[in-house]
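Dear colleague,

I am handing over the structure that we spoke about, and I would be glad if you could look through it before reading my notes. Please keep it open beside this message.

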Amino acid sequence: MLASKRIILGVTGGIAVYKAVDLASRLKKEGAEVRVIMTEAAAAFVQPLTFRAISGNPVHLHRFEEPRVWNVEHIGLAENADLIIVAPATANILACMALGRAPDLLSTVLLAARGPILVAPAMNTAMYMHPATQEHLALLRARGVAVAGPEEGDLACGSAGAGRMSEPADIVAAARSLLERGGRLAGRRALVTAGGTRERIDPVRYIGNFSSGKMGYAVAGALAAAGAAVTLVSAPAALSVPPGVRRVEVESALQMREAVLADFAGSDIVVMAAAVADYRPVEPAAQKIKKQGGDITLTLTENPDILAELGRRKQNRVLVAFAAETERGRERAEAKLRRKNADFIVLNDVTRPGAGFGTDTNIVAFLYPEGQAREFPLMSKQEVAERITEEIIRLFYKGERK
Ligand code: PMT
């Protein structure tokens, strides 16, 4: 998988730099063409000459150095890489990446990069656990950056805890799987829905729900990172569009249905993560409804079930449903799975802390038509999205869809 891949290894300053030497050597042995960029701090730990000898290529240290091969300036480096690995990744480089800061060559290359990026954090536990570092990592994950480790164990500073850089063999394995995933859905088209629809009552009010769109956006990002061309049909959500994803903005269930049907014919994969209103006001008032004293009655009519409609026309597409349940989750989700003819349904019991609407995490189970179930522990929505993507890839290549 790594043979003749052009990999940039970004090395930042920390005691784990010595492990990056082993990592460079392993990447080289796998047949990759390795270019090393070191920060000044990294060069204080290990001489650039070491990486030059191992990689067989000059080491890049400064932004304004003379161009060498592959149009070597920051844009050239970024554009030509199949993968960028940052190992060890300090709290400082993670902050630069999260905030889009580019004070040196490595951060400039990372800002210009459009391909996959893998970071292997390494730092003191307090720095790793600091809310700033955790928020930066969450932001990077949400943008599709893969994160390997860190591990728990004894640290160079004398303390013990989370913050030790992953072993080079594990980073190589993560790089392999990232590049493999990067190609598995290439040439496939995916359609994802996200967010909660809004059903107008009058020009200023609507019936809505607590969906933030985070789950659906994470799925769209993970599918795009796996190489699919993704259309994200999104109900209102205060989220940025994941890299490589085309967003179509809608408001109501009827608009979502229209946008989904417009793209469905050309799609190989459909993931319905949106919380679609089952009912809408029969006739939204043309003007703002005035307070008249006493109760008022709102008559609702049923919205079309978009997923059930797709299920009837599914053919050999992979169709993934979601079920947000508050009681008898498994029984209800299984009934939905059958009714909607999906390949699997992602059940989230939204009463569990850390699961469901608005959170950055979720607790899900995949349920299948044959009755099997796979249960997962609390994970970030990014990780859930990656599991869903892996499962889609498995189903896609299982049978006639090859
Ligand atoms: O957006 P977040 O804040 O991250 O929250 C994520 C989530 C909880 C919204 C998400 O994980 C989730 O569970 N989405 C589905 C929510 C839902 O409303 O499920 P449901 O059980 O009502 O619907 C079942 C399936 O049918 C869903 O795939 C839904 O998109 C689809 N559906 C429902 C009604 C309808 N009229 N048309 C549909 O297509």
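Below I go through the domains, the ligand and its surroundings, and then the strands.

Please bear in mind that this is a predicted model, in which local features need pLDDT of at least 70 and side-chain atom pairs count only at pLDDT 80 or more, while totals for chains, interfaces and linings use all residues. Residues are numbered from 1 along each chain as its sequence is written, and side-chain values use heavy atoms, with hydrogens and water left out.

The chain is assigned a domain 1, covering 6–179, and a domain 2, covering 189–396, with bounds that come from an automatic or database domain assignment. The C-alpha centres of domain 1 and domain 2 are 36 Å apart.

Around the ligand there are 28 residues, of which Ser 211, Ser 212, Lys 336, Asn 348 and Gly 358 come nearest; a residue counts as near if one of its heavy atoms lies within 4 Å of the molecule. By type, this shell divides into 15 nonpolar, seven polar and six charged residues, where Ala, Val, Leu, Ile, Met, Phe, Trp, Tyr, Cys and Pro count as nonpolar, Asp, Glu, Lys and Arg as charged, and the others, Gly among them, as polar. The largest share of the shell, four residues, is supplied by β16; helices (H or I, at least four residues) and strands (E, at least two) are DSSP runs, numbered from the N terminus.

A polar backbone atom of Met 272 is 2.7 Å from an oxygen atom of the ligand, and a backbone N or O atom of Gly 358 lies 2.6 Å from an oxygen atom of the ligand. Taken alone, the ligand exposes 780 Å², and the protein buries 96% of that, with areas computed by the Shrake-Rupley method with a 1.4 Å probe.

Turning to the strands, eight of them form an open sheet of mixed pairing, in the order β12-β11-β8-β13-β16-β17-β19-β20, where two strands pair if DSSP finds at least two bridges between them. Its edge strands, β12 (245–249) and β20 (373–375), each pair on one side only. Within this sheet, β17 and β19 run antiparallel and are joined by four bridges, and Asn 348, already named among the residues that come nearest to the ligand, has Val 364 in β19 as its bridge partner.

Elsewhere, β6 and β7 form a hairpin with five residues between them, and Gly 158 in the turn has a positive phi of about 100 degrees.

With best wishes

Note on methods: Polar contact = N/O pair within 3.5 Å; in protein donor to acceptor, adjacent residues only side chain to side chain.
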